[in-house]
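Please keep the sequence and the structure in view while reading.

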Amino acid sequence: MPRTLLVLAHPHLATSRVNAALAEAARPVDGVTFHDLYAEYPDLRIDVEREQRLLLEHDRIVLQFPFYWYSAPPLLKKWLDEVFLRGFAYGSGGTSLRGKSLLVATSTGSAEEQYRPDGLHRFPVVELLRPFDNTAHLTGMRYEEPIVVHGTHTLDDAELAAYQDRYRELLASGVIRERELTAV
């Protein structure tokens, strides 16, 4: 069973319904190390050596965050900038992440149909997440099909509970199959 590092980046987790519920589902899963960046680094000063050790100790990296302005929340971007260094993650001698897998689990307030060419946001979220795909490529990681929970403001309790169950199952299995969570 692969060891999974779940890196949560939500600046307002206490007021989040969906990401808090997914985090709650993930915490007790065997083989998953739950790592909340905003709780760990309220001063925004990242312990790069510690973070690199965590990455080395795990086979699979899951980045869970709300989709902010077509990207990740600021602390996750800072974490990537400071931790995925040349010589560690890429470049000459930078093979530390090679062979691991990277999975993005994100949520949007808008419905899925808003992420289409004729929708408000024009592009599918999968396309807007291409920088993460390219990060995986540059670092020699396998990029897994992203998990996207759309329409967070309109999910009812039963739908959210189904997402929690699927997320927990997928994390426990160690294998995320293409678009498996979005089919709830």
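The points below move from the overall fold to the helices, the nonpolar cores, the charged pairs and the aromatic rings.

The structure is a predicted model. An unreviewed UniProt entry annotates residues 3-170 as "domain: Flavodoxin-like fold".

**Helix α4 and its surroundings**

- Helix α4 spans residues 74-83, and its buried residues are Leu75, Leu76, Trp79, Leu80 and Val83. Seen down the axis of α4, these buried residues fall within an arc of 140°, so they line one face of the helix.
- The buried residues of α4 are covered by elements including β1 (4-8), α2 (37-40), α3 (48-56), β3 (60-66) and α6 (130-139).

**Helix α3**

- In α3, the buried residues are Glu51, Gln52, Leu54 and Leu55. Their directions from the axis of α3 fall within an arc of 155°, so these residues line one face of the helix.
- The partners against which the buried residues of α3 pack are β1, β2 (32-36), α2, β3 and α4.

- In soluble globular proteins, nonpolar side chains tend to be buried together.
- The largest nonpolar core has 34 residues, of which Leu55, Leu63, Phe65, Leu76, Trp79 and Phe132 touch the most other members. At least two residues of this core come from each of β1, α2, α3, β3, α4, β4, α5 and α6. Helix α4 supplies the largest share of this core, namely five residues.
- Which residues does Phe132 touch, not counting residues up to four places away in sequence? Phe132 touches Leu63, Phe65, Ala72, Leu80, Leu102, Val104 and Tyr143.
- A second, separate core comprises 20 residues, among them Ala21, Val32, Leu103 and Val149.

**Salt bridges**

- Side chains of opposite charge can pair when their charged atoms come close. In this model the count of salt bridges comes to twelve.
- Lys78 and Glu82 form one of these salt bridges, with the closest N and O atoms 2.6 Å apart. Both residues lie in helix α4, four residues apart, which is about one turn of the helix. Lys78 is partly exposed, at 27% relative accessibility, and Glu82 is also partly exposed, at 26%.
- Arg50 and Glu51 meet through their side chains in a salt bridge of 3.4 Å, N to O. Is Glu51 buried or exposed? Glu51 is buried, because its relative accessible area of 0% lies under the 20% limit for that class. Arg50, by contrast, counts as partly exposed at 28%.
- A network of salt bridges links Glu40, Arg50 and Glu51.
- Asp43 and Arg45 also form a salt bridge, in which the closest N and O atoms are 3.4 Å apart. Asp43 is partly exposed, with 46% relative accessibility, whereas Arg45 is exposed, with 63%.

**Aromatic rings**

- A pair of aromatic rings is described by the distance of the centres and the angle of the planes. The whole structure contains five aromatic pairs.
- In the pair Phe67 and Tyr70, the ring centres are 6.4 Å apart and the planes stand at 80°, so the pair is edge-to-face. The angle is over 60 degrees, which is the condition for that description.
- Phe67 is buried, with a relative accessible area of 10%, while Tyr70 is partly exposed, with 36%.
- Ring pairs join Phe67, Trp69, Tyr70 and Tyr115 into a cluster.

**Positive phi angles in loops**

- Tyr70 is not a glycine, yet its phi is positive, at about 65°. Tyr70 is placed in the loop between β3 and α4.
- Arg122, likewise a residue other than glycine, has a positive phi near 70°. The loop that holds Arg122 runs between β4 (101-107) and α5 (125-128).

Note on methods
Residues are numbered from 1 along each chain as its sequence is written. Side-chain values use heavy atoms; hydrogens and water are left out. Buried means under 20% relative accessible area, exposed over 50%, partly exposed in between (1.4 Å probe, protein chains only). The arc is that of the directions from the helix axis to the C-beta atoms. Contact means heavy atoms within 4.5 Å. UniProt positions are given in the numbering used here, feature names are shortened, and annotations may be inferred rather than shown by experiment. A salt bridge is a side-chain nitrogen of Lys or Arg within 4 Å of a carboxyl oxygen of Asp or Glu. Rings of Phe, Tyr and Trp (its six-membered ring) pair if their centres lie within 6.5 Å; planes under 30 degrees apart count as stacked, over 60 as edge-to-face and the rest as tilted. A nonpolar core is a set of buried Ala, Val, Leu, Ile, Met, Phe, Trp, Tyr and Cys residues joined through side-chain atoms within 4.5 Å.
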